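Hi everyone, thanks for making the time. Could you bring the model up on your screens while I talk you through a few of its features?

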Amino acid sequence: MTFRNQAVDLEALPTLVSLPLSPVSPRLAPCQALLVLVRWLVVTAVVLLFPVRDETLALWQPWLAGGVVGVGLIAAALSWVEVRRRAYGLREHDLVYRRGLLVRRTQVLPLVRLQHVETLSNPVERAFGLVRLACFTAGGRGADLVLEGLPAQRAEAVKQHLLARLSGTPPEPRQTEETP
Amino acid sequence: MSEEDESTASGALVLAEWQRLSPWAMGLMLGTAGLSLVRQHLPLLLAALAGLTLVERIGWREVGAGAALLLLLAGALCLFYYRRFRFRLDGDVLVIQKGLFEHREFKVAARHVQHIAVHQPLYLRPFNVVQWQVETLAGEASRIELPGIRRGQADALSRRLQADTPGSGRGEAPSEGLADGPDAAASPASRVRHALSPGALVLHGLTSRSIYVIAAMLSPLVRPLERWLHDHLPQLDRFAWLPDSPLVAVGLGLVAVLLALAVLAVLAAWWRFHGYELRDDGERQVQVSGLFHRQEQALSLARLQVVEWVQTGLGRLLGRGYLVCHQFGSLGGGAAESRRFLVPGLNLAEGVRLIGELWTGGDRLPPLARVSRLYRRVLWLRTLLGLGAGVAVLIWLVGPALIPPWGWALLAAVPVGLAAGVAELRWRTLGWARREAHLYLRQGLWGQRTSVFPLSHLISLAIRQSWLQRRRGLASLELQVANGRLTLPFLEEPLARALADQLLASVESATEESPTTRRRSACAARR
């Protein structure tokens, strides 16, 4: 075999900046907000129903629960705004996922590193018709990239595209041309 | 056909039939497993025995009969386990069937093998039996062990499974083969790349992390020791030799503790790395070490992902460090690195030479660039917040009334100065460089870890920007590599994005055989 080690033209590299990303499904925002609210409701119930013997503290207990509800509402609102900014992109050689409100994180997973793909959904996500796509690489302790907020059909199409890449067969163009 | 080819072929032929564990190993396993169980559940066992002594109907005869029954049961279980445990080679696939109550079958294809280790504890040496472990690309969690097989079987298995490792080149042209003997898995033609002298071994013991690990392990003994000294020292009337000054006495005590820890750390290093040799067998690097518990690890260069040059704080003072060769799925973080392919007792020149021989070819580390100065300020603020919380707790515990005016000044000045010092040290240590197709990244505070890896060995990456970073045009790069996440914080945003693009281009254009591997293969072929 002939040894080749050609220089890469740095100017010709595809850049992350120029990549147009597609937003996740708009249904993810209410879904996530609902999940956040449910979590905070559990905390509120614990605060409200916790047996307190001290009378002064017992007087403050409903107010404390109200405060927890307020924090939960703020968390749900922030989650709503954050989810509306999430986006993803599928390029020829990698998968890109951007998330975060104050701290924005753009994650890129090269498809050559992909080992297997999983689709997951909890009952609330199923009620909203949403699916999570978990991508695993070699030696990882969990999923390396979890793409949340994909409509079921779109998730299946992306999954098939990734599986086609895994098996080495060229993916069908139709699968990548769908709109969110 | 050469003699080696013949031995490989005959070994493969024998391994094609179902093989069993060594009966000696089963007996010894029963003993060691029993001892391990007793050690793990000692308080429970002692409590049960204490309870039995209170029951009058149970005497020594009944206890003896119960023990005999338990032994008989353990022996029967052991026999069933032995009958159930079998393995064979089906082509280039190792098939293992095991399980006492739940029957399980494992299949490991040679092309997925990334690491093979052979252990020979002292009690297995007379029987020429070894413990053989294989690990796939899924990492340490996928480790499968044959707990006691004959040395010849282990060598034949290792040879057969590593022959098909991508990049090994052994599938096409088998090498001269493995020498017999408990400590010679490399071919006779292999050269010793690094051997550990007694002086280097002592220095490694002093400068490795084991001194901290031993201190942590012995820390529960502090309170009982203190109680014992409190109870017995006055009665022994041994104060005569103690210095009069309490400060000197405390100082001498600390020195004694440190000396004891140092001696224990050196002993631990001697136990683990006695007779250490790293041998170059072309694509395979084989290391053998151990005083009583002989260990042998084979690393395929095609599977090598990241090399780390590690220096503890004391190691930097004494000019010593060690290399850790990481493959996929290293679990347990830094605490478990002694289980990995570790090259101990190196000075800086030797460490850099070895990194060069394994990968980059350079004879010195490149000059490292620093990240933005803003990171130093952020580190200072973060550390100050942590220290401030600690000081607040301290004030609450002591009570503000008891703190004198100069105490308040001290409590304000010390955290600020300490945070500034820590931030400065961490910022100065953090550095990175790209040389040819390799990335160098150094992190640490007092000790330092420098990770070296080819750009194409990246698994995934993320660009992270907080609102402050967005305002200042900065970004942090999180690189996921085989041994975990490496972070390059507070780079100029265009630089971070360009580096990310170059990393992705390297990964995505890399074929199954990376340029590094091709170079290694070409070197091996030339040799």
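I'll go from chain B as a whole to its cores, a sheet, a helix and then a few single residues.

Some housekeeping: this is a predicted model, so please keep in mind that local features need pLDDT of at least 70, side-chain atom pairs count only at pLDDT 80 or more, and totals for chains, interfaces and linings use all residues. Residues are numbered from 1 along each chain as its sequence is written, while chains are lettered from A and ligands numbered from 1 in the order in which they are written.

Let's start with chain B. It has 16 helices and 20 strands; these are DSSP runs numbered from the N terminus, H or I with at least four residues for helices, E with at least two for strands. Of its 527 residues, 35% are buried. Buried here means 20 or more other C-beta atoms within 10 Å of the residue's own, exposed means 12 or fewer, partly exposed is in between, and the C-beta atoms are placed from the backbone. Among the chain B contacts with a separation of 6 or more, 62% join residues 24 or more positions apart, a contact being two C-beta atoms, placed from the backbone, within 7 Å.

Now the cores. A nonpolar core is a set of buried Ala, Val, Leu, Ile, Met, Phe, Trp, Tyr and Cys residues joined through C-beta atoms within 7 Å. The largest one has 111 residues, and B:Leu323 and B:Leu477 have the most contacts inside it. Helix H15 (residues 493-509) of chain B gives the largest share of this core, with seven residues. So what does B:Leu477 touch, leaving aside neighbours within four places in sequence? Its contacts are B:Leu461, B:Ile463, B:Leu488, B:Leu491, B:Ala496, B:Leu499 and B:Ala500. Another core, of ten residues, lies apart, and its members include B:Leu206 and B:Phe273.

On to the sheet. In chain B, six strands form an open sheet in the order E14-E13-E12-E17-E16-E15, with antiparallel pairing; strands pair if DSSP finds at least two bridges between them. At the edges are E14 (341-346) and E15 (431-435), each pairing on one side only. From one strand to the next, the twist averages 15 degrees. Inside the sheet, E16 (residues 438-444) and E17 (residues 448-454) of chain B are joined by seven bridges, and B:Arg442 has B:Thr450 in E17(B) as its bridge partner.

Next, helix H13 (residues 405-429) of chain B. The buried residues of H13(B) are B:Ala419, B:Ala423 and B:Trp427, and they pack against helix H12 (374-398) of chain B. As a reminder, an α-helix has 3.6 residues a turn, so residues three or four places apart point the same way.

Finally, some single residues. With 16 other C-beta atoms within 10 Å, B:Asn128 is partly exposed.

Thanks, and I'm happy to take questions!

How values were computed: Axes fitted to C-alpha atoms, helices over the stretch in contact; angles between N-to-C directions.
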